[in-house]
Amino acid sequence: MDDPRPELESPRAVVLVEGVSDRVAVETLADRLGRDLAADGARVVSIGGAHAIGRALEHYGPSGLDIRIAGLCDAGEERHFKRALERAGLGSNLKREGMESLGFYVCEEDLEDELVRSLGLDAVYRLIEAQGEYSRFRTFQKQLEKRGLSREEQLHGFMWNRKIRYARPLVEALDLARVPRPLARVLEHVS
């Protein structure tokens, strides 16, 4: 978990995200929306994977610093977040709506998938080209095991290994009227 440095004042709110690419995406969206998270007393914390959510909730939640918390996770990790929220005393038998009332939002498949759907395939292809990686993407598509995949699945597979590199450009390319709901809502929760 990328805990804040001890010399910094404790935040009044944190957004807990699984990894670095998620942190970059949330911070980039905040910048695009003109939000100064530090001035708001908020921080985005990469917890180092979904299995670390319990430790993060212990640190920042009611039994720790007891500050306002929110979070973002992939659909495949939703159960880890639900269980940890329940163990932290923040709810019981949580469904997705209950998680959202606590400020925790689930990305359908993952954040990269949400961003690709919001942008559209053609815009993402142009972005890959602008990043100088279109020939790499074409090589990726030609791999035998990738040929049978849909265009969306190919993009997802290509982005998977480059998600830190593409987090900022994907969010910078977003039409702010089409920001994926989980990404928009998690920032609203720590306003």
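Salt bridges, each defined as a side-chain nitrogen of Lys or Arg within 4 Å of a carboxyl oxygen of Asp or Glu, number 14 in a search of the whole structure. This is a predicted model, in which local features need pLDDT of at least 70 and side-chain atom pairs count only at pLDDT 80 or more, while totals for chains, interfaces and linings use all residues. Residues are numbered from 1 along each chain as its sequence is written, and side-chain values use heavy atoms, with hydrogens and water left out.

Three of these pairs are set out below.

| Pair | Closest N and O atoms |
|---|---|
| R23 and E27 | 3.2 Å |
| R151 and D122 | 3.5 Å |

R23 and E27 lie about one helical turn apart, because 4 residues separate them in helix α1 (residues 20-32); helices here are DSSP runs of H or I with at least four residues, numbered from the N terminus. E27 is partly exposed, at a relative accessible area of 26%, where partly exposed lies between buried, under 20% relative accessible area, and exposed, over 50% (1.4 Å probe, protein chains only).

The salt bridge between R151 and D122 links distant parts of the chain, since R151 belongs to helix α10 (residues 151-160) and D122 to helix α7 (residues 121-130), 29 residues apart. R151 is partly exposed, with 40% relative accessibility.

In helix α12 (residues 181-189), R185 and E188 are 3 residues apart, which means a separation of about one helical turn. R185 is partly exposed at 31% relative accessible area, and E188 is partly exposed at 48%.

Conventions:
Helix = DSSP H or I, 4+ residues; strand = E, 2+ residues; numbered from the N terminus.
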